[in-house]
Amino acid sequence: MASDSKTSTQPYAGLRVIELSDDPAGEQAGLLLAQMGAHVLKLEPAEGCASRHTGPFAGDKDDKEFSLAYWYYNSNKESAVLDDTGDGKVSRLKALLKDADIFIVTKQPAELEEFGLDLNELVELFPRLIVLSITPFGLDGPWADYLTSDLVGLAAGGPLHMCGYDDHSIPPIRPGGNQGFHTAASFAHTSVLLALLSREQTGQGQLVDVSMHEALAVTVELANPYWFYPRVLVRRQTCRHAQPTMTQPALFQCSDRRYVYFVLILAENKAWSSFVNWMDSKGLAADLIDDAFNNLEHRQKHMAHIHGITESFFLIHDAETMYREGQERGLPIGVLNAPEDLLEYEHLQARGFFDSVDHEGVGPVQYPGAPFRFSAFSGVARQPAPALGSAGPVPAGEEVE
Amino acid sequence: MGVGSIATRLLADYGAEVIKIEDRIKLDMPRRLPIYKGGSRAFGEEEADPNPDLGGMHNNYSRNKLGVTINMRTEKGRELARKLIAKSSVVTENFAPGIMEKWGLTYDALNEICPEVIYARMSGFGHSGPDMEYRSFGPVVQAVSGISHISGLPGEEPSGWGLSYMDNQAAYYNSAALLMAILTRNRTGKGTEIDVSAVEVGISLLGSVMLEVSANSRSTRLEDYPLGNRLDHPLGAPHGVYPCQGEDRWVAIAVFSDEEWENLIGAMGHPSWSQDESFSTHQLRSQNQDALDQHISEWTKQHTPHEAMTILQRARVRAGAVQNAQDLNEHDPQLAHRGIFFEMDHPVIGMARFEGSPMHFSGLEQDNWRSAPLLGEDNHYVFKEITGLSDDEFDQLVDEKVI
């Protein structure tokens, strides 16, 4: 297995990973390792793991081999069934771990006990093994067995409080795409790297305990420092930074009903003149070209007026044009792309970002590639996620003691 | 700014000697953000001439690092930077594209000064492609990568993100990229240039909606998208954020099965509405969520967020108080037990809190040896001990305002 690791061009070449995970945090962590060259064997119950059943499904075909959630998180892996009801499952698992470098496991403490798995014991049995535990709240503490979901995790962890609309009669709104789980996965990835580097020095594996709750509690940007220092809370605002006070809106709707994100920092003279020149080039700067507006205090006093003119300016042009022209003038403006826009985005095409993966019976499907580029080596292009149990049965294990 | 500082913070936390090079004339943004003890202003309203050593954001992002100042506009400054690079093994930057090139600090040049160097370039759009020079910060990356668009109430303007989530995530990916490069160099002896685009990281985090679009040609610009707090995959009902006692206080609840539903209505005392035919199956509860949410809200309004969370979790229901930073820091028993926040003294700011690590290792510890450096605090140590300047050379650079 490790024969090609000296010369291989992939960071994780030669590493064997056993993944026993049933949520997107563990699946995403396994995916990152697989995309960068590790051999990842995913263990699933006889009916297949949860993401095979949640959908969405390719062609809306409700079938465990067509789940897009499964495809997304499990490409580049192999799949084997570990019957989690039968006797002997722990010894089967241990037989696999004997030759593994990394074991990813998402079971919470009570689930581990029920399964008959003691993570500390695994580290003792297999001294080079890195046991990566990724759980909702960590392996100990009063909430260790509390249940979670992406929404619940984002709520308790802190980011949700910052996201939503100016109108606070509307509840905080969950940002889309499993970002609670993904944040845990990012720390899981980094922690494995630190453990691998440590193993190079000591020859020893170890137990790594990553908590989604904690990962989120340190991913709230301004909210923590505003509490650590002035001890004030930030307040959510529509699609812009939650802050101690309400600020000017930053989303502008354009003529094609699409939006751009644009914050005009009034205190920056260079940005101000770029913006006024841009509006003036279309004859739409109105009185903002008056000398009085070169004065910051005057601008601050007339913020609402400036905002009104800005709104009209964007409303009569399409979003793509505004994005391009603003950026050409050095203004940090962003168009709010929809996922379907990204497939047509020339810049991404030029960088070859999307991988085309051929799925039998469906055809080619565009996947985001690994977002890491190295001049000296590379990862692996996306491969289709495996059929359930396609790596063959997990052999009965001999007792490993 | 954020991405570079957070990415190298992780390396500093775990034992790397990280030297942060700063500019005395144009202060790094986290030093300028008006987040001070005893004073609160929105960011964007920073002072014209702020005290560079008072900023809390900088303290949080640059703890455990060494700090030096170099005026890179001068040839002597650039020469000093090259000397320092020659003594290093990893170089990171997250300037606007073109700045490092202007200073002659390309990968080839660095590799000559420091053979088999790892050179990490952390940018918004990456270092190739037609838009590589576009300017960005967190919210722009979030807009362009699609993760703002997929967040909000159906048919309304996107609510997106209330933070620079992508500054954090891009930083985490950059930390991983640096560590992968080090791991690989240890094995092969070869250095590398790293190009991580925050926009591409954002797209890779979109999740399965990206495949719904590419495999099923789904449009996400119709009136039924996004779903607000509801969830189709897996199907949740109820699945939402409900009002509680107190001003702007909420609890999140997610129910994915009949068993969880039974637990929920049991915890609420089997209210009579819960026996209604329209709530008799998971599918029906999903179809009748407007009415369902009304009933749930009537119950949650009688409780504080933490009461509701505790009652529901004890009944095995997925529920979480919507916690703010005060809750996280002062009230959350789990975070307190796990010790996620810690304190260190700072010569100007005094005792301050820091964000710790959500990674708990049986064989590694975070090394918190100092709070963030004052501006240029480590010039003596770094330029004399590491780069080997004589006292005279050092004094001359001070006189000429190069450092």
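Mentor: Let us begin with a definition: helix axes are lines fitted to C-alpha atoms over the stretch in contact, and angles run from 0 to 180 degrees between N-to-C directions. Please bear in mind that this is a predicted model.

Trainee: At what angle do the axes of helix α7 (residues 138–145) of chain B and α8(B) cross, and within what distance do they come?

Mentor: The axes of α7(B) and α8(B) cross at roughly 85 degrees and come within 7 Å.

Trainee: What makes α7(B) roughly perpendicular to α8(B)?

Mentor: Angles of 65 to 115 degrees count as roughly perpendicular. The crossing is at roughly 85 degrees, and therefore α7(B) is called roughly perpendicular to α8(B).

Trainee: Which residues meet in that contact?

Mentor: From α7(B) come B:Gly138, B:Val141 and B:Gln142, which meet B:Tyr165, B:Met166 and B:Asp167 of α8(B). By class, three of the residues in this contact are nonpolar, two polar and one charged.

Trainee: Why is helix α1 (residues 24–35) of chain A called oblique to helix α8 (residues 179–202) of chain A?

Mentor: These two helices of chain A pack at an angle of about 45 degrees, and their axes are 8 Å apart. Angles under 35 degrees would count as roughly parallel, and those of 65 to 115 as roughly perpendicular. The crossing of α1(A) and α8(A) is right-handed.

Trainee: What residues form the contact of α1(A) with α8(A)?

Mentor: On the α1(A) side they are A:Pro24, A:Ala25, A:Gln28, A:Ala29 and A:Leu32; on the α8(A) side they are A:Phe181, A:His182, A:Ala184, A:Ala185, A:Ala188 and A:His189. The contact holds eight nonpolar residues, three polar and no charged.

Trainee: What can be said of the span of helix α1 (residues 2–13) of chain B?

Mentor: With twelve residues, α1(B) reaches 16 Å from its first C-alpha to its last, close to the expected 16 Å. B:Gly15 follows α1(B) and has a positive phi, near 105 degrees.

Trainee: Why is α1(B) described as mostly covered?

Mentor: A residue is buried if 20 or more other C-beta atoms lie within 10 Å of its own. In α1(B), twelve of the twelve residues are buried, among them B:Ile6, B:Arg9 and B:Asp13. In chain B as a whole, buried residues make up 52% of the 403 residues.

Trainee: Why is B:His331 called partly exposed?

Mentor: A residue with 12 or fewer such neighbours is exposed, and one with 20 or more is buried. B:His331 has 13 other C-beta atoms within 10 Å and is therefore partly exposed. B:His331 is found in helix α15 (residues 325–331) of chain B.

Trainee: How many residues of chain B are in contact with chain A, and which helix gives the most to that side?

Mentor: In this contact, 129 residues of chain B face 129 residues of chain A. Helix α8 (residues 165–188) of chain B gives the most to the chain B side, with 17 residues. That side divides into 62 nonpolar, 49 polar and 18 charged residues.

Methods. Residues are numbered from 1 along each chain as its sequence is written. Chains are lettered from A and ligands numbered from 1 in the order in which they are written. This is a predicted model: local features need pLDDT of at least 70, side-chain atom pairs count only at pLDDT 80 or more; totals for chains, interfaces and linings use all residues. Helices (H or I, at least four residues) and strands (E, at least two) are DSSP runs, numbered from the N terminus. The expected span of a helix is 1.5 Å times one less than its number of residues. A crossing is left-handed if the near helix is turned anticlockwise from the far one by less than a right angle, and right-handed if clockwise. Two residues are in contact if their C-beta atoms, placed from the backbone, lie within 7 Å. Ala, Val, Leu, Ile, Met, Phe, Trp, Tyr, Cys and Pro count as nonpolar, Asp, Glu, Lys and Arg as charged, and the others, Gly among them, as polar. Angles under 35 degrees count as roughly parallel, over 145 as roughly antiparallel, 65 to 115 as roughly perpendicular and the rest as oblique.
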